[in-house]
Amino acid sequence: CNHFFGTGFSLRLSKILRHARLALMPVEKATFAGGCFWGMEKWFKKKFGPQLLSAKVGYIGGTVHNPTYEMVCSGRTGHAEALQVEFDPDNLKYTELVDLFFHMHDPTQLNRQGNDMGTQYRSAIFYHSDEQLRAAKEYIQKIDKAKVFPKPVVTTLEKAGPFYDAEDYHQQYLDHNPGGYCNHSIRTWSLPA
């Protein structure tokens, strides 16, 4: 076939078939805010890698259309720095994403994570469906009941609204700047069965 249509044809055909396969698979979005979005992106990509169909950092939960980083950092837009991922729920469960989210930041700190302070650094799950809301509520109840943390979880559950991609230099920031700032780490604790 290559000698008749050429190598370019085969490459185009394989690309078309790949996009068709992706178009047929179920895709869900999940959006998390838990401090600086650079570290969120780093740990989600490290843990789930190719199981994530996409991962991008941006801004959600505010009142200004298409805010800039400087606007969000002012604390006056209401947006949170967040990570939005796309995943195939047949291959990766939403609860696995929620579990990592709670293991990589301190959900008992109100409007801050470490040195990052302000509502833009709040702990929040932006749910995209009633099922996501239910799963997040149940997880928080389990954490609080098990007294995993010395204080109760203050993570807010907010209906997902418009998500605005952060500027290009924020995307994959820690991949491009391995020594860059990151206050996230994986905390080891477990919930009772």
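This is a predicted model: local features need pLDDT of at least 70, side-chain atom pairs count only at pLDDT 80 or more; totals for chains, interfaces and linings use all residues.
# Reading the helices, sheet and cores

User: Which residues have the most contacts inside the largest nonpolar core?

Analyst: The general idea comes first: in soluble globular proteins, nonpolar side chains tend to be buried together. In this structure the largest nonpolar core has 37 residues, and Phe32, Phe44, Tyr94, Leu97, Phe102 and Ile125 have the most contacts inside it. At least two residues of this core come from each of E1, H3 (37-48), E2 (52-60), E3 (80-87), H5, H6 and H7 (173-176). H5 gives the most, with 7 residues. There is also a second, separate core of 7 residues, among them Ile60, Ala80, Ala124 and Phe163.

User: Which residues does Phe44 touch?

Analyst: Leaving aside residues up to four places away in sequence, Phe44 touches Phe32, Gly49, Leu52, Leu83, Leu97, Leu100, Phe101 and Met104. Phe44 is itself one of the buried residues of H3, a group that also contains Phe37, Trp38, Gly39, Met40, Glu41, Trp43 and Phe48. The cover over the buried residues of H3 includes E1, E2, H4, E3, H5 and H7.

User: Which residues of H6 are buried, and which exposed residues does the face turned away from its buried side carry?

Analyst: The buried residues of H6 are Gln132, Leu133, Ala135, Ala136, Tyr139, Ile140 and Ile143. Viewed down the axis of H6, these residues fall within an arc of 165 degrees, so they line one face of the helix. The face turned away from that buried side carries the exposed residues Asp130, Glu131, Gln141, Lys142 and Lys145. Cover for the buried residues of H6 includes E1 (28-34), H5 (94-104), E6 (123-127) and E7 (156-159).

User: In what order do the strands form the open sheet?

Analyst: The order of the 6 strands is E7-E6-E1-E3-E2-E8, with mixed pairing. E7 and E8 (163-165) stand at the edges with a single partner strand each, so one side of each is left without a neighbour in the sheet. From one strand to the next, the twist averages 35 degrees. Within the sheet, E1 and E3 pair in the antiparallel sense over 5 bridges. Lys29 stands opposite Glu86 in E3.

User: Where is Ala160 found, and which residues does it touch?

Analyst: Ala160 is found in the loop between E7 and E8. Not counting residues up to four places away in sequence, Ala160 touches Ile60, Phe126, Tyr127 and His128. Ala160 and His128 are 32 residues apart along the chain, yet their C-alpha atoms are separated by 5.6 Å. For the protein as a whole, residues 24 or more positions apart account for 78% of the contacts with a separation of 6 or more.

User: What is the phi of Asn66 and of Lys147?

Analyst: Most residues other than glycine have a negative phi. Here, Asn66 has a positive phi near 55 degrees and is placed in the loop between E2 and helix H4 (69-73). Lys147 also has a positive phi, near 55 degrees, and is found in the loop between H6 and E7. Lys147 counts as exposed because its relative accessibility is 66%, and the cut-off for exposed is over 50%.

User: How many helices and strands does the protein have, and what percentage of its residues count as buried?

Analyst: The protein has 7 helices and 8 strands. Of its 193 residues, 39% count as buried.

Notes. Residues are numbered from 1 along each chain as its sequence is written. Side-chain values use heavy atoms; hydrogens and water are left out. Buried means under 20% relative accessible area, exposed over 50%, partly exposed in between (1.4 Å probe, protein chains only). Helices (H or I, at least four residues) and strands (E, at least two) are DSSP runs, numbered from the N terminus. The arc is that of the directions from the helix axis to the C-beta atoms. Contact means heavy atoms within 4.5 Å. A nonpolar core is a set of buried Ala, Val, Leu, Ile, Met, Phe, Trp, Tyr and Cys residues joined through side-chain atoms within 4.5 Å. Two strands pair if DSSP finds at least two bridges between them. Axes are lines fitted to C-alpha atoms, for helices over the stretch in contact, and angles run from 0 to 180 degrees between N-to-C directions.
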